[in-house]
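Trainee: I would like to go through the ligand site and the aromatic rings of this model. Please give the cut-offs as we go.

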Amino acid sequence: MADKYDVIVIGAGPGGMTAALYASRANLKVAMLDRGVYGGQMNNTAEVENYTGFKSILGPDLAEEMYQSSIQFGADFVYGSVQKMTVDQDNIKHVITDSGELEAPAVVIATGSQYRKLQIPGEEEYSGKGVSYCAVCDGAFYRNKKVTVVGGGDSAVEESAYLAKLVDHVNVVHRRDQLRAQKILQDRAFANDKIGFTWNTVVTEIVGDGQKVTGVMTHNKDTGKDTLVETDGIFIYIGNVPMTEPFKDLGITNEQGWIITDDQMKTSIPGVFAVGDVRDKKLRQITTAVGDGGIAGQGTFDYLESLKN
Ligand code: FAD
Ligand code: NAP
């Protein structure tokens, strides 16, 4: 027997938590599902200094503040990994998790995205043994050592600055000769003498001694030269892929798997909303996820009211 709710929010990152806050404050019965700890990507972020109201706050601390506010009007936090979602002929949504089924007339998808892999030799083999995707989680293991960061976006540059506080030296390897990161993050990184840049270069292999990473093989795209660079760890920040596998049969995603919505966060299925990083949109940030969540949370109330008429 499925557990019945007015609204099911899938994902408890900033987008999902805000949708749950708005829907439960409108007196709806809300389940907020996550397969991990609440907070989403904020748990992997050291310092957040572009979320209004806080000059600077640690990601996990912001996650805790948001969680406490999201459950204050009675939203249930339900642990579960969503495997699939279906919509029946009465337009009731069935959310199937690894531990049961929930159903509701309205659903907010807030599953975000996850890190993209380089897919090169050594990446799987040394994952957790020198290969990392999270400086906040693993940076402390590299105190006084040398690390390599791959990527040129906000994550690579911001997390390099975080790592530079712990390690001896950070070598950022980027495939072009210009960073994609915000100007303020670039300026700080260029001014940091513990951070160096290797331009127009890709990492082609991660090498180790069988136990741990000892170096990376790089290929310079200008000179064609391959070089073995010694390193104690490699942090990979090359963007994200959407977490939309459970929704792929619903016809609400684009070719790359991002969910398409209108500006009210509505998908093409009545009563199904999507918010935050999982959407096809340009600026993926905490503040935009929160904004989306507010719109969708209120949208679920309006949708349920419309069903009464
Ligand atoms: P997420 O935070 O990704 O949360 C999605 C949630 O859904 C997760 O908890 C996940 O466990 C859950 N989930 C996924 N699939 C399922 C499933 N099948 N079943 C159940 N649960 C599921 N933004 C800023 O504004 N400022 C910053 O300083 C900043 N720094 C960043 C640093 C890094 C290293 C990274 C990676 C991102 C950073 N961002 C920053 C971006 C910001 O974290 C994201 O834009 C934001 O977290 C997106 O929120 P969200 O709610 O859409 O998704
Ligand atoms: P991103 O913006 O997509 O940048 C990915 C970077 O990796 C790009 O520089 C890209 O190179 C490079 N790259 C992609 N595929 C690669 C490959 N196969 N091999 C080598 N390099 C590759 O991803 P992100 O930096 O993780 O940021 C994701 C989102 O989170 C963004 O919206 C960002 O604004 C947000 N974010 C915000 C903050 C903040 O506000 N402080 C901090 C972190 C993240 P090219 O440049 O050549 O494409």
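Trainee: How many residues surround ligand 1?

Mentor: This is a predicted model, in which local features need pLDDT of at least 70, side-chain atom pairs count only at pLDDT 80 or more, and totals for chains, interfaces and linings use all residues. Residues are numbered from 1 along each chain as its sequence is written, chains are lettered from A and ligands numbered from 1 in the order written, and side-chain values use heavy atoms, without hydrogens and water. A residue is near a molecule if one of its heavy atoms lies within 4 Å of it. The closest are Gly15, Asp34, Gln41, Asn50 and Asp277, and the number surrounding ligand 1 is 31.

Trainee: Which helix gives the largest share of the shell around ligand 1?

Mentor: Helices here are DSSP runs of H or I with at least four residues, numbered from the N terminus. At least two shell residues come from each of α1 (14-25), α4 (154-164) and α6 (286-308). The largest share is three residues, and it comes from α4.

Trainee: What is the distance from an oxygen atom of ligand 1 to an N or O atom in the side chain of Asp34?

Mentor: A polar contact is a pair of N or O atoms within 3.5 Å. For the side chain of Asp34, the distance is 2.6 Å.

Trainee: How much of the area that ligand 1 exposes alone does the protein bury?

Mentor: Accessible areas come from the Shrake-Rupley method with a 1.4 Å probe. Taken alone, ligand 1 exposes 1000 Å², and the share buried by the protein is 92%.

Trainee: Are the rings of Tyr51 and Phe54 stacked or edge-to-face?

Mentor: Rings of Phe, Tyr and Trp (its six-membered ring) pair if their centres lie within 6.5 Å; planes under 30 degrees apart count as stacked, over 60 as edge-to-face and the rest as tilted. The whole structure has nine aromatic pairs. In this one, the centres are 6.3 Å apart and the planes at 20 degrees, so the pair of Tyr51 and Phe54 is stacked.

Trainee: Which ring does the charged end of Arg284 sit over?

Mentor: The criterion is that NZ of Lys or CZ of Arg is within 6 Å of the ring centre and within 35 degrees of the ring normal. Lys29 lies over the face of Tyr5, at 4.5 Å from the ring centre. The charged end of Arg284 is 3.8 Å from the centre of its ring, that of Trp258.

Conventions: A polar contact is a pair of N or O atoms within 3.5 Å; within protein, one must be able to donate a hydrogen and the other to accept it, and residues adjacent in sequence count only if both atoms are side-chain atoms.
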